[in-house]
Amino acid sequence: MPQNIAVIGGGAAGFFAAFSCKTHSPNARVVIFEKTGKLLSKVKVSGGGRCNVTHACFNNNDLVRFYPRGGKQLKKVFGQFTTTDTVAWFEERGVQLKAEADNRMFPITDNSQTIIDCFLKEANKLGIQVVVNTNVNSIQPKNPGFDLKIGDKTQYFDKVIVASGGSPKAQGFDWLKALGHEIITPVPSLFTFNMPKEPIKNLMGLSVPSATVRVQGTKLQQSGPLLITHWGMSGPAILKTSAWGARVLADLNYDFKIQVNWLGTMNEEELRTWFVNSLQTIGKRKIRNKNPLDLPNRLWDFFLEKVEIDGEGIWAELGKKNLNRLINLLLNDTYEVKGKTTFKEEFVTSGGVALSDVDFNTMESRKCPGLFFAGEVIDVDGVTGGFNFQAAWSTGFVAGKTSE
């Protein structure tokens, strides 16, 4: 008899798991249940509506380093389906991907609808049934198989793949806890830093290509582009810090101080030497007019005001004291963070089903045989750049092999 397989969740991982089911067992009946009226909602908004499909990192040993949680376990999954397979999968279905300078990969159309259309077409071609506005209220193991309570009805399935995504609250996992799974309390990952008291917010929209952010009192430190927003700071340097520090920053109740090196990884000795050499050629120029570090002019003016240096003065008359203050600010600028902002549509959590409860060779539950997991429902999350989608494709592919 052909297998009857339920996929809970109509997002990236759910669809990919369903595709894998039909690829490995074409005769299986596969049904995707989505509790909302929206399919592939994160795919729609990812990358500013362009969909950051994956990352051009084709070595699995390097790839797993981009996952604050679950990297070690994902190595088993990437051994079965990795970034190379992702690119090939889309190209075989007429969707060409491109890598940008930072290695993020997008469809060449720069439109997430391209990915959504591809998925809906593939689901239709494979005969996958997609049911929206339908919540699975509970899973009852039958040994073999499962009874799913869907609304006021009960339906039987041989196997179930849970791809329901993350939840901002632990209660969102109660139905999986009831099956014996340990749930790691979810906390936000990938969020921006709110700085309500900091005047740098007035420079919203400015960015620097490389900064290093350190959280005082912790070991957290990340580098990358940094963006000033109307609520504080964002950009990869901040988002990576929030991902790696998801639990630490939650414990601090999002109330802490950061130090910013606006020059990336440059240290004091290098900067001091650089200034000494540069002053020989810019000595007669006004400090405000000659910004020798290629920082945005408004940011440079902000720094001069912050350390009380007269921008109308010339570099040759800067003085040792002012030079020291400027160097300290450029390398150790301090800001107070009070709160965070998460992108609701792209919400990523640290937490979910404990890694120890999942066999990553198959994505099968160790507590409930016949039940499989894919995507963010497990305690796996990546930094920004296409890594969360890659985890969704890979875990979905492996979970879908259950149908063999």
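1. The side chains of R65 and D62 meet in a salt bridge, with 2.9 Å from N to O. A salt bridge here is a side-chain nitrogen of Lys or Arg within 4 Å of a carboxyl oxygen of Asp or Glu. R65 is exposed, at 57% relative accessible area. D62 is partly exposed, at 32%. The cut-offs are these: buried is under 20% relative accessible area, exposed is over 50%, and partly exposed is in between (1.4 Å probe, protein chains only).

2. A word on the source. This is a predicted model, in which local features need pLDDT of at least 70 and side-chain atom pairs count only at pLDDT 80 or more, while totals for chains, interfaces and linings use all residues. Residues are numbered from 1 along each chain as its sequence is written, and side-chain values use heavy atoms, with hydrogens and water left out.

3. How many salt bridges does the structure hold? There are 22. Side chains of opposite charge can pair when their charged atoms come close. Look at K98 and E100: their side chains meet in one of these bridges, at 3.9 Å from N to O. K98 is partly exposed, with a relative accessible area of 24%. E100 is partly exposed too, also at 24%. Both belong to a network of salt bridges that links R50, K98, E100, D102, R104 and D110.

4. Now find K286 and E312. They form a salt bridge whose closest N and O atoms are 2.8 Å apart. The pair links distant parts of the chain, 26 residues apart. K286 sits in the loop between helix 10 (268–282) and helix 11 (297–306), and E312 in the loop between helix 11 and helix 12 (320–332). Helices (H or I, at least four residues) and strands (E, at least two) are DSSP runs, numbered from the N terminus. K286 is partly exposed, at 34% relative accessible area. E312 is partly exposed, at 42%.

5. Helix 6 deserves a slow look. The helix covers residues 112–126, 15 residues in all. From first C-alpha to last, helix 6 reaches 21 Å, close to the 21 Å expected at 1.5 Å a residue. The expected span is 1.5 Å times one less than the number of residues.

6. Which residues of helix 6 are buried? They are S112, I115, I116, C118, F119, E122 and A123. Seen down the axis of helix 6, these buried residues fall within an arc of 160°, so they line one face. The arc is that of the directions from the helix axis to the C-beta atoms. An α-helix has 3.6 residues a turn, so residues three or four places apart point the same way. On the other side of helix 6, K121, N124 and K125 are exposed.

7. What covers the buried residues of helix 6? The cover includes helix 1 (12–24), helix 2 (41–49), helix 5 (83–92), strand 5 (104–107) and helix 13 (387–400). Check the ends of helix 6 as well. At its start, a side-chain oxygen of N111 reaches to within 2.9 Å of the backbone nitrogen of Q113. Just after helix 6, G127 takes a positive phi of about 75°.

8. Next, the cores. A nonpolar core is a set of buried Ala, Val, Leu, Ile, Met, Phe, Trp, Tyr and Cys residues joined through side-chain atoms within 4.5 Å. The largest has 83 residues. F90, F119, I139, L148, V160, V162 and L176 touch the most other members. Apart from this core lies another, of 48 residues, among them L203, V307, L326 and L331.

9. Take L148 as an example. Beyond its neighbours within four places in sequence, L148 is in contact (heavy atoms within 4.5 Å) with residues including A6, I8, V136, F157 and V160. For N388, which is in helix 13, the contacts beyond four places are L190, V348, D381, G382 and V383. N388 counts as buried, at 19% relative accessibility.

10. Last, the backbone. Most residues other than glycine have a negative phi, and most peptide bonds are trans. L40 has a positive phi of about 55° although it is not a glycine. L40 lies in the loop between strand 2 (29–33) and helix 2, and is buried at 1% relative accessible area. N143 also has a positive phi of about 55° without being a glycine. N143 counts as exposed, at 74% relative accessibility. A cis peptide bond joins N143 to P144, with omega about 5°. P144 is found in the loop between strand 7 (136–141) and strand 8 (146–150).

Terms used: Polar contact = N/O pair within 3.5 Å; in protein donor to acceptor, adjacent residues only side chain to side chain.
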